[in-house]
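Please brief me on this structure. Keep it short and grouped by topic.

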Amino acid sequence: MIKIAFIILSLISIFSALMVISRKNPVASVLWLVFHFFGIAGLYVLLGAHFLAAVQIIVYAGAIMVLFLFVVMMLNLNLVNNEKRGKIIGKSIGAVVSGLVLVLFTYSIRTTKWNELFFNQVTDQEWGTAVKLGSLLFSNWLVPFQIVGILLFAAVIGVVALMKRKITRKVENGIVITQEEDVA
Amino acid sequence: MSQFNPLEAFNLPIVYWQIIWAGIIVAFVTVFALFAVYLERKISAYAQDRMGPMETGGWQGWAQTIADALKLLLKEDIIPELADRRLFKLAPYIVFAGSLGVMAVIPFGVNLIGTDLNIGLYFILALSSTVVIGILMAGWASNNKWALYGAMRSAAQMVSYEIPIGLSLMLPVLLTGSLSMIDITNAQKSGILADGYFWNWYIFRVPPFTLIAFILYFWASLAETNRTPFDIPEAESELVSGYHTEYTGIRFAMFFLAEYANMFIVAAIASVVFLGGPLAPAPWLNWIPGPIWMLLKSLVLVFIQMWLRWTLPRVRVDQLMHICWKIFLPLALVNFIVIATLVVLWQK
């Protein structure tokens, strides 16, 4: 039963990942990416990491993908033409990077001890629950957790600083004139 | 309190029970939507000093929404020529599935629940965040400016209001120490004062913080369901009707159904998390079964949603964002930190 679910979910993930990179329409790519995240969330559930699965859907499928959709819809990227993709430099850089990624993956797949890692042999069924994950985050991994928090906080401050505008109002001949200036 | 346990009563494997429960939920939501549309019309009529539907079916026009639903099902299904056909067809189902899936973890009785996940409340937040994707899909695939603007507004609003909703729902989680909806319900049975009374519900548990959280949740959920005073995505005067402008027939009916299902779902979440869900307000009322209390509490909240819709004016977009980010969010954060501190001190 779990094996069938695993096969179905991984097929969904792989197929939708392939669709993400093969679609010409960026909106379609983003929507396939959402499906991909659902597949990954399903795999997390199979591993017993329910909390992580929910977070995956809230953060990625729910929030970040909505942001992606916004950007894609606003920028109207439909006009990406195929001629630009033909450049030799771009293609060769892509080939080198994906070749390196392939080497990395092959290495890690070959050196992993699959018998020990196989999902049926997870001894502690509770390891992925909110309680376990939370107590781990606030004990063993407190410092990295806080550092991630500070990083995100810095990003938020950066956004505020970039978006902050100075608004000046003055009255000339009975008409209120508002001026917006970029501060950053 | 009814201790009816469907698994033991019929001796069914859990998968069969879940399939049956899913059928019950779909049937219930459909019937509820018909009932709620009728109720909404009557309430709007009384708010505007009219009579509302009076003809169809005889007494008080009770069959009006049934007739309307039949009409919607029989209507021609039109897809705009320049629409993205596949996304256009898919969108209503994603919106509907996202709303309806939440019902799986809402307890209607102490044992009456689709499945008691250990991340129950988080599951609700996760699934309801996927509704936004469906709405953006609908707006974009329609290839219509109004639909796209409606979808954009809807998405912006839902993503912003998810934050105060999440933070205020976390208060009961902090007090319970569990995300499971059944645990949250059971934790409201007993408290500091006598067990089994309504003052053990989370809304009255730590005054005034949980009360504030309940109010914040309720107002933010109005924005989440795109209802007045936060119905900017469907503002008729500027946007025709928002993201479902181009939809007709059964697909429009799906959106409509999802909207009314959503009203019930946010009310049901509020009643489970803050109002004790299926628990009776006093021990001598325990002979009334849990599902009835659950429905009663949820329907009262649904009624308040409709009441507000027909009495309050619509806010502007900037006011909407101002309310969310400058009033709701700080309040929810202060609430959250105060309760977290209290819980830590209490445990020590």
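H5 and H11 of chain B each supply at least two residues to the lining of the second largest cavity. H11(B) gives the most, with four residues. This is a predicted model, in which local features need pLDDT of at least 70, side-chain atom pairs count only at pLDDT 80 or more, and totals for chains, interfaces and linings use all residues; side-chain values use heavy atoms, with hydrogens and water left out. Residues are numbered from 1 along each chain as its sequence is written, while chains are lettered from A and ligands numbered from 1 in the order in which they are written.

- The search uses a 1 Å grid over the protein atoms alone. A cavity is a set of points where a 1.4 Å probe fits but cannot get out. A pocket is an open set with protein on both sides within 12 Å along at least five of seven lines. Lining residues have an atom within 4 Å of a point.
- Grid points are joined across faces, edges and corners, and a volume is the space filled by probe spheres set on the points.
- Helices (H or I, at least four residues) and strands (E, at least two) are DSSP runs, numbered from the N terminus.
- For residue classes, Ala, Val, Leu, Ile, Met, Phe, Trp, Tyr, Cys and Pro count as nonpolar. Asp, Glu, Lys and Arg count as charged, and the others, Gly among them, as polar.

**Cavities**

- The structure holds two cavities of 30 Å³ or more.
- The second largest cavity has about 90 Å³ of space. Its lining comprises 13 residues, with B:Ile135, B:Asn226, B:Tyr243, B:Glu259 and B:Asn262 nearest the centre. By class, that lining divides into seven nonpolar, three polar and three charged residues.
- Five helices of chain B each supply at least two residues to the lining of the largest cavity: H4 (85–101), H5 (120–141), H6 (145–176), H9 and H11. The lining has 11 nonpolar, five polar and two charged residues.

**Second largest pocket**

- What is the volume of the second largest pocket? It is about 860 Å³.
- The second largest pocket is lined by 33 residues. B:Val37, B:Leu72, B:Phe252, B:Phe256 and B:Tyr260 lie nearest its centre.
- Helices H2 (14–47), H3 (64–74) and H11 (249–273) of chain B each supply at least two lining residues.
- Its lining has 16 nonpolar, seven polar and 10 charged residues.

**Aromatic pairs**

- Rings of Phe, Tyr and Trp (its six-membered ring) pair if their centres lie within 6.5 Å. Planes under 30 degrees apart count as stacked, over 60 as edge-to-face and the rest as tilted.
- The count comes to 23 aromatic pairs over all chains.
- One of them joins A:Trp32 and A:Phe35, with centres 5.7 Å apart and planes at 45 degrees, so the pair is tilted. The two residues are three apart in helix H2 (residues 26–46) of chain A, or about one helical turn.
- A:Trp32 is partly exposed at 24% relative accessible area, and A:Phe35 is partly exposed at 35%. Buried means under 20%, exposed over 50%, and partly exposed in between (1.4 Å probe, protein chains only).
- B:Tyr217 and B:Phe274 also form a tilted pair, with centres 6.3 Å apart and planes at 40 degrees. This pair links distant parts of the chain, 57 residues apart. B:Tyr217 lies in helix H9 (residues 209–224) of chain B, and B:Phe274 in the loop between H11 and helix H12 (290–309).
- B:Tyr217 is buried at 2%, and B:Phe274 is buried at 0%.
- Ring pairs link B:Trp21, B:Phe28, B:Phe32, B:Phe108 and B:Phe264 into a cluster.

**Chain A and A:Gln56**

- Chain A has seven helices and two strands. From the N terminus, its elements run α-α-α-α-α-α-α-β-β.
- Of its 184 residues, 21% count as buried.
- A:Gln56 lies in helix H3 (residues 50–75) of chain A. It counts as buried, because its relative accessibility is 8%.
- A:Gln56 and A:Ile40 are 16 residues apart in sequence and 8.2 Å apart in space, C-alpha to C-alpha.
- Beyond its neighbours within four places in sequence, A:Gln56 is in contact (heavy atoms within 4.5 Å) with A:Phe37, A:Ile40, A:Ala41, A:Tyr44 and A:Ala61.
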